[in-house]
Amino acid sequence: MKESEMKEQNQKRKDILSLADIKQLVDTFYTRVRQDELLGPVFEEKIGSNWEKHLETMYRFWQTVLLDERTYQGSPGAKHITLPVGEEHFERWLGIFDKTVDELFTGEKAAEAKWRAARMAEMFAQKINYFKNNRGAIL
């Protein structure tokens, strides 16, 4: 990409401020995840034909986390604890997430989204590892 194109793209980016922004982030991110050779099969196995429901849940989750609009209720840890994933999956997930945020947005909420995603990846990785190493005991 030329320097002038990069400047133009940077000028078009804004912070994550609305549900429409959340949907753009979530939709772009999960399109990339589904196409990824490492993550795609894991998500397809777990979600199957329920992508619409999953995306709606993700919209509400990120709307609650980033916009402080209480639309999500749930316990995400329980749904992820039995996934057949390791450190490499979390690194790839986070890499795709950060790249998506950086390409689409800039600002305080964009930085917060990346920070929160990193904390979630750490938490899920620890819980999954504990679950695997302790015969199914939940942390």
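Reader: In what order do the elements of the protein run from the N terminus on?

Author: The model is a predicted one. Its secondary structure comes to seven helices and zero strands. From the N terminus on, the elements of the protein accordingly read α-α-α-α-α-α-α.

Reader: Among contacts in the protein between residues at least 6 apart in sequence, what percentage join residues at least 24 apart?

Author: The protein has 139 residues, of which buried residues make up 40%. For contacts between residues at least 6 apart in sequence, the share that joins residues at least 24 apart is 74%.

Reader: How many nonpolar, polar and charged residues does the contact of α2 with α6 have?

Author: On the α2 side the contact involves Q24, L25, T28, F29, R32 and V33, and these meet W93, I96, F97, K99, T100, V101, E103 and L104 in α6. Divided by class, the contact of α2 with α6 has eight nonpolar, three polar and three charged residues.

Reader: Which hand does the crossing have where α2 passes α4?

Author: Helices α2 and α4 pack with their axes 9 Å apart, at an angle of about 130°. That angle makes α2 oblique to α4. The crossing of α2 past α4 is right-handed.

Reader: Into how many nonpolar, polar and charged residues does the contact of α2 with α4 divide?

Author: From α2, the contact with α4 draws on L19, I22, K23, V26, D27, Y30 and R34, while α4 supplies W51, H54, L55, M58, Y59, W62, Q63, L66 and L67. The residues of this contact divide into 11 nonpolar, two polar and three charged.

Reader: Is the ring pair of F29 and W93 stacked or edge-to-face?

Author: A pair of aromatic rings is described by the distance of the centres and the angle of the planes. Planes over 60 degrees apart count as edge-to-face. The rings of F29 and W93 have centres 5.6 Å apart and planes at 90°, so this pair is edge-to-face.

Reader: How many residues apart are F29 and W93?

Author: F29 is buried, with a relative accessible area of 2%, and W93 is buried as well, at 15%. Their pair links distant parts of the chain, since F29 belongs to helix α2 and W93 to helix α6, a separation of 64 residues.

Reader: Which residues do ring pairs link into a cluster?

Author: The count of aromatic pairs comes to nine. Ring pairs join residues into a cluster whose members are F29, Y30, F43, W51, F61, W62, W93 and F97.

Reader: Which residues does H54 touch, not counting residues up to four places away in sequence?

Author: H54 is placed in helix α4, residues 51–67. Its relative accessibility is 18%, and the limit for buried is under 20%, so H54 counts as buried. Not counting residues up to four places away in sequence, H54 touches Y30 and I47.

Reader: How far apart in space are M120 and F90, C-alpha to C-alpha?

Author: M120 lies in helix α7, residues 108–133, and is buried, with a relative accessible area of 15%. Not counting residues up to four places away in sequence, M120 touches F61 and W62. M120 and F90 are 30 residues apart in sequence, and their C-alpha to C-alpha distance is 9.6 Å.

How values were computed: Residues are numbered from 1 along each chain as its sequence is written. This is a predicted model: local features need pLDDT of at least 70, side-chain atom pairs count only at pLDDT 80 or more; totals for chains, interfaces and linings use all residues. Side-chain values use heavy atoms; hydrogens and water are left out. Contact means heavy atoms within 4.5 Å. Helices (H or I, at least four residues) and strands (E, at least two) are DSSP runs, numbered from the N terminus. Ala, Val, Leu, Ile, Met, Phe, Trp, Tyr, Cys and Pro count as nonpolar, Asp, Glu, Lys and Arg as charged, and the others, Gly among them, as polar. Rings of Phe, Tyr and Trp (its six-membered ring) pair if their centres lie within 6.5 Å; planes under 30 degrees apart count as stacked, over 60 as edge-to-face and the rest as tilted. Buried means under 20% relative accessible area, exposed over 50%, partly exposed in between (1.4 Å probe, protein chains only). Axes are lines fitted to C-alpha atoms, for helices over the stretch in contact, and angles run from 0 to 180 degrees between N-to-C directions. Angles under 35 degrees count as roughly parallel, over 145 as roughly antiparallel, 65 to 115 as roughly perpendicular and the rest as oblique. A crossing is left-handed if the near helix is turned anticlockwise from the far one by less than a right angle, and right-handed if clockwise.
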